[in-house]
Amino acid sequence: MAENVLVEVKDLTKHFPVTKGIVFKKVITTVRAVDGVSFEIEKGKTLGLVGESGSGKSTTGKLILRLLEPTAGIIRFDGIDITNLPQDDLKDLRKRTSIVFQDPYSSLDPRKRVFDIISEPMVIANWGDRRKIAERVHELLDLVGLRREDASKYPHQFSGGQRQRIAIARALALSPDLIVADEPVSALDVSVQAKIINLFSSIQERLRVAYLFISHDLSVVRHISDKVAVMYLGKIVEYGPTDVIFEQPLHPYTKSLLTVVPVPSPKLMKNRNPIILRGEIPSPINPPPGCRFHTRCPYALKRCSEEEPHLVQARPHHFVLCLFWKEIEEGVLGPAVR
Amino acid sequence: MDKDKVLLEVRNLVACIETGSGLVKAVDDVSFDVRKGEIVGLVGESGCGKTMTALSIMRLLPEPFGRIVGGSIYFEGQDLTKLTEEEMRAIRGNKISIIFQDPLTALNPIMKIGEQIVEAIVAHRKVDKNEAKRRAIELLHSVGIPDGEVIASQYPFRVSGGMRQRVMIAVALACDPVLLIADEPTTNLDVSIQAQILELINEIRRKRGTSVLLITHNLGLVAWLCDRVFVMYAGKIVEHAPTEALFANPYHPYTQLLLKSVPKLDSPRDKLTTVEGEVPNLIKPPSGCRFHPRCPYVKEFCRTVEPALIKVNTDHYTRCLMQDSRYSGEWK
């Protein structure tokens, strides 16, 4: 494993059982939420994980923090295989990782003061005495752009953006190496969103913390990520450096998404030719055979419903999960006319 | 402006809402118009009064807590604010329809989808049940639900979010309205589904000539669909213009900052420009220009002088003293 890699994930899989009955539980089927994904997160860098609801991006985030037990696959954190570490041995991992959730209204305990919210991880980890902790809380408040007086307030006294700052301060308390940020700006207004994105960037510059930045918003992901993984129905369909993914996408799903993201430029919107996918994301309970995207893919051929594609390296550092990426790229295979 | 073509004209609308901490003038002297066959955007951040404006037009403010306290809303020549509830009911859902952000709460959970569309039809049209049913299924087809017969017999919770939004659009279109108000119609939807719904709205305008008032916080949607756009801030319209003019040449500092603070697909990864401070509390709105506490160009008199909407170009107006000839010299 390369020196600069913090997290390495190989064929990570999570199947949730769907059960029937209350006393005599019977597994009737499984939801294949994450199905064999592989990626790396470099130290101090950001991996953006994009996908629509139900694509498995949040599950992936929770798996690498061991908040969920993986069904199969390997997770290495800083060189150590943490896939099967027993809960008791996870303490070190817990100190070195943390998470920021989407909704700062439900992720902060309404009955606790900001001071207690931010200091809780330090108290649990026996990080230091009360005075040292108080100093650290003040330092963190400075870092996220809140006032020191705010420490004695309750979450309800803050706006959404400020609450997200509190959540970020809490996540930074033990100076983690990795923060999983699960849709951290989706619930915020445009002008507030920009501030929180800037905050994430400036914190990374100063503290060299790595992010797994989960979002459905391609513009946000483009802005903040060094590398991007696009997920669809439990699989990574495209993975590579941000600029490459956004400027030369290879997978038909990524290509389509990039043509339908609303961008605040009427000129750009007028000149582009939106590829609108038909139908909806299928259920992960019974994903389509072959390529999971074939039911919505404008390029799909018969082979796509029979043969499962593997992630192949199309260009340096650029991976794609499509049987016909080359033919599409060379213009041999065009979209179906509808 | 061609007066014949104006369908909806909101003039000096003032609407208040009573909250636990005081009376809020959520819509403060708002004027705009929607012409026939046009898609007009009303953009702003949460709490700027855009939804209150929509509810005022529909006369759906939660009385007695919220009410229209001034101004008029002319629709096809009559002032909606003066109508009785009964007269209004003949227009609502018939000539003007609304689609809300969250279809799960807007649709009746214990009524089958088909029945909800039928209900909307028979409320305004003298047709028998069978004819209404036939029309309901036709409507489901027209909003892109191919197996309308199957979906019509389902309850809303059984279908996906995108599908529910289509159903709500079908209910809204039941009586072929001339004005469709869409309040954040795609905010809860995935990108690929959002694209489907936006194209559907576009198609409805194209095929039926329906005017649309699109209420959103997303400037991308405005760029995609709207012919003209009105920007709201703290209860007031601060700028309005044809869409291309507004994006190419925004005059109001708030519009400028809003446009710059959105991460774009094609922009470099610099620091995003942000608007300092927070949206003001409307119980006690800032004096003078409402944007002055956050404005990077603020001058002393901005705190006291209330700016008027000033024409800066054809059909392009802005509420900023920088464009007011009596004050603009101060910025030179």
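In strand 8 of chain B, Leu213(B) is the bridge partner of Val40(B). The model is predicted, so local features need pLDDT of at least 70 and side-chain atom pairs count only at pLDDT 80 or more, while totals for chains, interfaces and linings use all residues. Residues are numbered from 1 along each chain as its sequence is written, and chains are lettered from A and ligands numbered from 1 in the order in which they are written.

**Stop 1: strand 3**

Select residues 39-43 of chain B, which form strand 3. Strands (E, at least two residues) and helices (H or I, at least four) are DSSP runs, numbered from the N terminus. In strand 9 of chain B, Phe230(B) stands opposite Leu42(B).

Now show the side chains. Ile39(B), Gly41(B) and Val43(B) point one way from the strand, and Val40(B) and Leu42(B) the other way. Five of the five residues of strand 3 are buried, so the strand is largely enclosed by the rest of the structure. A residue is buried if 20 or more other C-beta atoms, placed from the backbone, lie within 10 Å of its own; it is exposed if 12 or fewer do, and partly exposed in between.

**Stop 2: Ile204(B)**

Select Ile204(B), in helix 8 of chain B. Is Ile204(B) buried or exposed? Ile204(B) is buried, because 21 other C-beta atoms lie within 10 Å. Leaving aside its neighbours within four places in sequence, Ile204(B) is in contact (C-beta atoms, placed from the backbone, within 7 Å) with Leu173(B), Leu180(B) and Thr210(B). Select Leu83(B) as well: Ile204(B) and Leu83(B) are 121 residues apart in sequence and 28 Å apart in space, C-alpha to C-alpha.

**Stop 3: the side facing chain A**

Display both chains. The contact takes 36 residues from chain B and 33 residues from chain A. Helix 8 (191-208), helix 9 (219-225), helix 10 (243-248) and helix 11 (253-260) of chain B each supply at least two residues of the side that touches chain A. The largest share of that side, six residues, comes from helix 8 of chain B.

**Stop 4: the whole of chain B**

Zoom out. Chain B has eleven helices and twelve strands. Of its 332 residues, 49% count as buried.

Methods. Contact = placed C-beta atoms within 7 Å. Pairing = 2+ DSSP bridges.
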